[in-house]
Amino acid sequence: KIKKEILLHLVFLFSLATLLFFPVIRSASFSPKDSFYTGFHGIVGDYYTYLSVINQGRNQWSYQNPYTTELTQKSYVHLFYILLGKIASPLRVSNIEMYYLAIVVSFLLYYLFTYLLVVYLVPRKFRWLAMLVIFFAGPFPPSTFSLGSAWWTHMDSYSRVSLVPHHFFSSALLVGTTYCLLRFFYEKKTRFLLFSLISQTMGLLSFAVPGFILLTATLVSVLLYLILHCVRRSIRIPPKVFWGFVLVIFLSLFLLFLIRQLLTAVNFPDWEYQTYRQEQLVYTYSNLFFSYGILLILIVPSFVLIIRKKKFSHFFLFLLLILPSVFYQLAAAGILPINKLRFVYSAPYAIGGILATLGIAFLLDHIKGRLTRRLILGGIVCIVLTNAFFGLKAYWLPKLSEKNIYLNTYIPKPYLQAMEYFVQETPPASAVLTTYTSGTFIPAFTYNRVYLGH
């Protein structure tokens with residue numbers, strides 16, 4: 001059994017690593033002669049901004065916007081990438097290598113925490129079904145009744161394992177904190193509370209939205225308990241668990257207040273919120289909803305499970321799954337001043353995949369006949385694999401043939417020589433007059449400012 005488990009892990013990890021890195025390898029193979037492939041990832045402008053923060057983080061604990069010559073405030077918003085710069089310096093790795101190392105670490109943490117949560121909650125014989133749903137279920141192909149996934153939702157199986165590092169890392173820690181909190185709730189061991197506090201802190205400081213979702217789920221759980229306890233005195237949980245959850249809530253609120261102050265200092269939350277608040281173009285809730293794809297079907301039996309079993313773990317996962325949609329609507333309505341698009345980063349397939357598997361297991365337990373159960377289970381696996389095949393064909397395969405050959409994706413070598421000159425011969429923060437396109441990448445490799453680039 002142990003050998004089988006190891007083999008299955010290797011198959012999953014190899015498959016997911018192929019999804020993640022093969023497009024990068026293919027893009028590198030398209031490099032024009034005498035050019036440098038930068039490993040561009042996601043939105044090119046954002047990619048170089050993250051590299052510029054790593055670059056500045058090598059020498060300082062703050063970030064100053066290098067994409068303008070105007071005086072700007074020092075910012076601590078991108079603490080995650082500043083820390084990457086601190087790590088990159090003694091490791092003697094480049095900014096690009098550090099960026100991809102962060103993706104690899106985030107991916108491994110996401111896989112580890114997801115598997116731990118699966119093992120803790122899902123019956124043994126359904127665990128690998130849960131892993132299959134979590135990592136390979138996905139949206140319907142774009143041609144399927146116009147129910148495909150919009151690019152900004154990052155819901156297809158490729159995008160879920162190729163998030164930018166701070167989104168990926170914080171999503172992984174959301175799963176990790178959930179695992180530790182549930183173990184603390186059921187086992188009442190202080191070490192799991194401590195791990196929860198550490199994980200929640202790291203997640204919030206990396207990217208606050210997943211931690212905000214977990215905070216709200218925890219807060220709702222505590223408030224609901226207090227209400228039920230007032231109505232029915234027989235409903236009670238150990239004081240240690242109650243105050244442990246309260247501690248998580250107050251720590252999270254303090255960190256969110258601190259983060260909000262840092263963001264407000266650079267006017268970040270307001271302009272982003274106002275820019276994306278309206279329901280327009282592809283930025284609509286219907287695009288987000290249908291991006292859950294086959295999960296919308298698989299999760300239906302779990303609603304019966306939640307009502308019938310009344311287990312805290314099921315209720316908590318359900319909160320984590322639906323809260324992003326609630327917050328999206330509140331943001332779109334102008335009630336919650338957060339960019340609504342940020343709520344896609346909540347590990348929905350990890351949380352929803354576990355709930356869906358638990359619902360399927362509950363359904364199969366109520367079906368008589370071993371053969372019937374096997375046929376239903378086999379049918380579900382076939383549906384998930386078919387959906388995965390067409391999803392990869394629609395969302396991943398095109399990545400292997402995209403040739404995004406531009407000045408700021410494959411940098412001509414003379415530009416590298418120019419940037420080396422800037423590093424050696426010009427003072428830090430001195431201005432460079434250049435085009436917008438080359439201005440995108442110069443701050444990622446030098447300590448200069450540009451007039452325009454992001």
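Figure 1. Arg92 counts as exposed because its relative accessibility is 78%, where exposed means over 50% relative accessible area, buried under 20% and partly exposed in between, computed with a 1.4 Å probe on protein chains only. The model is predicted, so local features need pLDDT of at least 70 and side-chain atom pairs count only at pLDDT 80 or more, while totals for chains, interfaces and linings use all residues. Residues are numbered from 1 along each chain as its sequence is written, and side-chain values use heavy atoms, with hydrogens and water left out. Arg92 is placed in the loop between helix H3 (79-91) and H4; helices (H or I, at least four residues) and strands (E, at least two) are DSSP runs numbered from the N terminus. Although Arg92 is not a glycine, its phi is positive, at about 60°. Most residues other than glycine have a negative phi.

**Figure 2. Asp34 in the loop that leads from H1 to strand E1.** Asp34 is located in the loop between H1 and strand E1 (35-37). This residue, which is not a glycine, has a positive phi of about 60°.

**Figure 3. The largest nonpolar core and its member Leu320.** A nonpolar core is taken here as a set of buried Ala, Val, Leu, Ile, Met, Phe, Trp, Tyr and Cys residues joined through side-chain atoms within 4.5 Å. The largest such core holds 140 residues, of which Tyr81, Tyr99, Phe135, Leu320 and Ile354 touch the most other members. Helix H4 (residues 95-121) gives the most to this core, contributing 14 residues. When residues up to four places away in sequence are not counted, Leu320 touches Leu174, Thr178, Ile213, Leu214, Ala217 and Ile351, contact meaning heavy atoms within 4.5 Å.

**Figure 4. Helix H5 and the elements that cover it.** Helix H5 (residues 127-136) is largely enclosed by the rest of the structure, because 10 of its 10 residues are buried. The buried residues of H5 include Arg127 and Trp128 as well as Phe135 and Phe136. Their cover includes helix H1 (2-29), H4, helix H6 (157-160), helix H13 (295-298), helix H16 (348-365) and helix H17 (370-395).

**Figure 5. The packing of helix H7 against helix H15.** Helix H7 (residues 165-187) and helix H15 (residues 312-332) pack at an angle of about 155°, and their axes are 11 Å apart; axes are lines fitted to C-alpha atoms, for helices over the stretch in contact, and angles run from 0 to 180 degrees between N-to-C directions. H7 is therefore roughly antiparallel to H15, given that angles under 35 degrees count as roughly parallel, over 145 as roughly antiparallel, 65 to 115 as roughly perpendicular and the rest as oblique. The contact is formed by Leu174, Thr178, Leu181, Leu182, Phe185 and Tyr186 of H7 together with Phe312, Ser313, Phe316, Leu317 and Leu320 of H15. By class, it has 9 nonpolar, 2 polar and no charged residues, with Ala, Val, Leu, Ile, Met, Phe, Trp, Tyr, Cys and Pro counted as nonpolar, Asp, Glu, Lys and Arg as charged, and the others, Gly among them, as polar.

**Figure 6. The oblique pair H8 and H9.** The axes of helix H8 (residues 190-206) and helix H9 (residues 208-231) lie 6 Å apart, and the two helices pack at an angle of about 135°, which means that H8 is oblique to H9. Gln200, Gly203, Leu204 and Ser206 of H8 make the contact with Ala208, Gly211, Phe212, Leu214 and Leu215 of H9. These contact residues divide into 5 nonpolar, 4 polar and no charged.

Figure 7. Helix H14 (residues 300-309) and H16 pack at an angle of about 75° with their axes 7 Å apart, so H14 is roughly perpendicular to H16. From H14, Pro301, Ser302, Val304, Leu305, Ile306, Arg308 and Lys309 meet Leu355, Leu358, Gly359, Ile360, Phe362 and Leu363 in H16; by class, this contact has 9 nonpolar, 2 polar and 2 charged residues. Ala361, also found in helix H16, is buried, with a relative accessible area of 3%. The C-alpha atoms of Ala361 and Pro301 are separated by 9.0 Å, although the two residues are 60 residues apart along the chain.

**Figure 8. The buried loop residue Tyr345.** Tyr345 lies in the loop between H15 and H16 and is buried, with a relative accessible area of 9%. With residues up to four places away in sequence not counted, Tyr345 touches His154, Leu163, His167, Ser171, Phe207 and Pro210. Tyr345 and Leu174 are 171 residues apart in sequence and, from C-alpha to C-alpha, 9.7 Å apart in space.
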